[in-house]
Amino acid sequence: MTPASAIPLDRINGSSRQEFLGHLGAVFEQAPWVAEAACEKRPFATVATLYQAMADAVNAAGHVSQLALVRGHPELGGKVARAGALTAASKSEQGSLGLDRMSAEEFARFENLNAAYGKKFGFPFVICVRRHTRDSILHQFEARLNNDADAELAAALREIGLIARLRLVEAIDGPGAPKTTGRLSTHVLDTYHGRPAAGVGVTLYELGTSARGLLTQARTNAEGRTDEPLIAGVPLRIGTYELQFAAGDYFARAGVAAADPPFLGVVPVRFSIAEPEGQYHVPLVMTPWSYSTYRGS
């Protein structure tokens with residue numbers, strides 16, 4: 001969903017150079033020269049072609065400019081984030097994952113990784129935070145430390161492109177926007193009675209190494225689906241999740257005779273998301289004594 005504050009693409013196409021840079025100069029962190037290069041390519045028929053013009057400017061830049069672009073990004077979960085000295089966009093992005101309010105132990109882990117990474121590569125670790133859970137970020141942090149300098153610079157530039165793509169789609173309202181969001185949904189089928197299962201309590205958790213986080217709770221409607229997707233309108237964060245279905249309560253309300261306690265009470269379905277812009281449908285097919293699941297469409 002495009003924010004209400006987004007600027008129409010046709011207005012951007014007809015704007016002055018100063019207005020263009022005022023709206024888009026911060027899309028690439030601390031690098032208004034990217035927007036300056038794209039400004040010369042107007043008009044743009046779609047938001048995607050505008051984004052491509054900005055990406056082309058980065059790809060055409062020399063090594064020195066690309067390195068400066070990466071170095072313009074803050075460390076993840078570092079001292080700067082804790083002090084609040086970030087750009088507004090970076091503060092929002094890091095804050096959405098709680099990287100500005102970590103425990104002392106978590107902060108120390110990020111500090112150690114930041115130090116090792118900076119010593120090896122000479123620039124900060126960059127990742128599109130809104131596409132990852134905290135565990136996924138730490139996994140990528142440790143894995144990318146094994147890259148050589150050229151591979152890691154390329155990886156950092158790819159992530160910067162993903163960050164900028166999200167920022168641009170939020171800033172500009174127009175046709176042909178790049179896909180930046182995913183969708184997670186579910187439905188429940190009662191094969192004992194041969195019907196959709198209405199009124200089933202559904203709870204979604206994000207699973208982390210040290211804790212689980214409650215994301216949303218819902219109840220299935222007459223079609224066995226939730227009224228709204230469990231997640232929509234944002235990227236799906238790469239990571240591990242668990243859906244819990246209150247199967248026992250549902251069959252008890254349906255008058256199915258069961259043992260005390262019932263064989264199936266709460267049914268947990270643990271799964272992982274690897275495609276932030278993908279569509280994940282995780283249904284439950286159940287009887288009072290069995291269940292199955294799959295990735296649907």
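The protein has eleven helices and 13 strands, where helices (H or I, at least four residues) and strands (E, at least two) are DSSP runs numbered from the N terminus. The model is predicted, with local features requiring pLDDT of at least 70 and side-chain atom pairs counting only at pLDDT 80 or more, whereas totals for chains, interfaces and linings use all residues. Residues are numbered from 1 along each chain as its sequence is written, and side-chain values use heavy atoms, with hydrogens and water left out.

Of the 297 residues, 48% count as buried (under 20% relative accessible area, with exposed over 50% and partly exposed in between; 1.4 Å probe, protein chains only). The protein exposes about 14400 Å², of which carbon and sulfur atoms supply 52%, the areas coming from the Shrake-Rupley method with a 1.4 Å probe. Among contacts (heavy atoms within 4.5 Å) with a separation of 6 or more, 70% are accounted for by residues 24 or more positions apart.

Strand β6 (residues 201–207) is largely enclosed by the rest of the structure, because six of its seven residues are buried. Two strands pair if DSSP finds at least two bridges between them; β6 runs antiparallel to β7 (residues 212–219), to which seven bridges join it, and Leu 204 has Thr 216 of β7 as its bridge partner. Six bridges join β6 to β9 (residues 239–246), likewise antiparallel, with Thr 203 opposite Gln 244.

An open sheet of three strands, with mixed pairing, has the order β8-β3-β11. Its edges are β8 (231–232) and β11 (279–281), each with a single partner strand, so one side of each is left without a neighbour in the sheet. Strand β3 (residues 183–185) pairs with β8 in the antiparallel sense over two bridges, and Leu 184 stands opposite Ile 231 in β8.
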